[in-house]
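Take a slow walk through this protein model. Keep the sequence beside you as you read.

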Amino acid sequence: MRSTFKQLFYINRQKMKKNGKCPIMGRITIDGKISQYSTGYEIDPCLWNPSTGRAFASGKILEVLTGEEKTSIKRLNMQLDALIEKGNEAYHQNVSGIGYVSAEVIKNALLEKDKQAETLLAFMADYNADYYSRIGIDKTLGSYKRYRNCLKATREFISYKFDREDIAIKALEHQFIEDFDFYLTTVRRMAESTVNNHLVVMKLMSKLATKRKIIRRDPFAGYKYHVVKGNHRYLSIENLQKMMALDLKTYRLCHTRDLFIFSAFTGIGRADLANLKDSDIITKEDGTQWIHIARQKTKAECWIPLLEIPRMIIEKYKGEGKNGHLFFVPQTCCIAQTLKILEKLGEFDQHLTYYMARHTFATQICLSNNVPIETISKMMGHNQIRTTQIYAEITMQKQREDMQKLADGVNGTFDFSTEDEAPTPYFIKRKVLNVSTEEK
């Protein structure tokens, strides 16, 4: 629903100055909410036209004025028009870019206030505006959407809980976090992972406010996030082989399957695959080829060996990518739809997602083939090995192989004989001794 947005000017006759002039005030109205401000200009009340919200531009009243005074009035009207244009521009930028606008936000834009926002939604909107301006430089559109969605959810929560358009940022206390969590979980019925995402954004806002000394203490002190048990799915060896053997008749199905297989043998996610270029393939002195990239998410450097199957896929789609890219990679939603079709065609007993390819690389390709977890961590671009430990789940096949190695190593290594006559246990000796004593 589009906001109702109006701007107008009026004079404050109750604050007439000694020179006989009145200050010109501005009024911004958005969805019935009003914010007023002083333009910094003043005018003789006789020269003000209340019906147009400007100084008289023509008429008998101007005949008594000098040429300089007429020029001054014309300049005043142009300055007021410039304020209207500036307000309209600020409105459209906030609606299209940030997804949130209020009369107070437009007022701050008009006055170009240097002081930081004192209300929570305005504070979040300012942060989002800065974040939006850095997309493509050091920020991504996907991450920006998280902040925008959190702003929307926070605005709805404030309206639901406090019946207000905004609240002071100093009201960001521990109880606010608890109530926000409860609202997202019960009223909005969001999944635990989604609730955590909103709370992570809110914690960032609280840290910034604390750092700038707007609030005194972190409201998240002592707060615990929802415990979400991760379900890190990966393809079984049987299903991986089944997918590779599928007889596909259309380019779309074959292309998506091949991209999935490429990621399953390299551990590269969809975003990094879309950025993969010819220049990222490095040939070493010994003839081995490696993929050398910096992950988009963590900026971590990755060196991944280019195995035979990924090399075959690169050769198959050579020349398909544009601007030096190796592949044409569809959007995530398109890939997800195609994987659903593949799931039905192959009659897989697993729900297919593209991220499963990355999990499959860590678990089936690397860990099951005795690649150390430290090496896996480097190839997957993790900053902490704890993240790799979550991905690299031990399969039953790997567990059986390891236990068989253990049994083979232990058997025959130690000497132990059970042929000697076992001595009588102490508790049996004691029982026999007690019985003999009672008989005497």
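In which loop does Asn 323 lie? Asn 323 sits in the loop between helix H10 (308–316) and H11. The model is a predicted one: local features need pLDDT of at least 70, side-chain atom pairs count only at pLDDT 80 or more, and totals for chains, interfaces and linings use all residues. Residues are numbered from 1 along each chain as its sequence is written, and side-chain values use heavy atoms, with hydrogens and water left out. Helices (H or I, at least four residues) and strands (E, at least two) are DSSP runs, numbered from the N terminus.

Most residues other than glycine have a negative phi. Asn 323 is not a glycine, yet its phi is positive, about 55°. Asn 323 is exposed, with a relative accessible area of 71%. Here buried means under 20% relative accessible area, exposed over 50%, and partly exposed in between (1.4 Å probe, protein chains only). Asn 370 also has a positive phi, about 65°, although it is not a glycine. Look for Asn 370 in the loop between H12 and helix H13 (373–380). Asn 370 counts as partly exposed, at 46% relative accessibility.

Now go to the strands. Strands of a sheet pair through backbone hydrogen bonds, either parallel or antiparallel. Two strands count as paired if DSSP finds at least two bridges between them. Axes are lines fitted to C-alpha atoms, for helices over the stretch in contact, and angles run from 0 to 180 degrees between N-to-C directions. S1 and strand S2 (residues 22–30) pair over 7 bridges in the antiparallel sense. Ile 11 stands opposite Ile 24 in S2.

Strand S7 (residues 289–294) and S8 pair in the antiparallel sense over 5 bridges. Ile 291 stands opposite Ile 304 in S8.

Turn to the helices. Which residues of helix H7 (residues 237–244) are buried? They are Asn 239, Leu 240 and Met 243. These residues cover an arc of only 105° around the axis, which puts them on the same side of H7. The arc is that of the directions from the helix axis to the C-beta atoms. On the other side of H7, Glu 238 and Gln 241 are exposed. The buried residues of H7 pack against helix H8 (251–264) and helix H12 (355–366). Contact means heavy atoms within 4.5 Å.

Follow H8 to its meeting with helix H11 (residues 332–345). The axes of H8 and H11 come within 10 Å and cross at roughly 100°. H8 and H11 are therefore roughly perpendicular to each other, a label for angles of 65 to 115 degrees. Residues making the contact include Arg 252 and Phe 260 of H8, and Cys 334 and Leu 345 of H11.

Notes
Angles under 35 degrees count as roughly parallel, over 145 as roughly antiparallel, 65 to 115 as roughly perpendicular and the rest as oblique.
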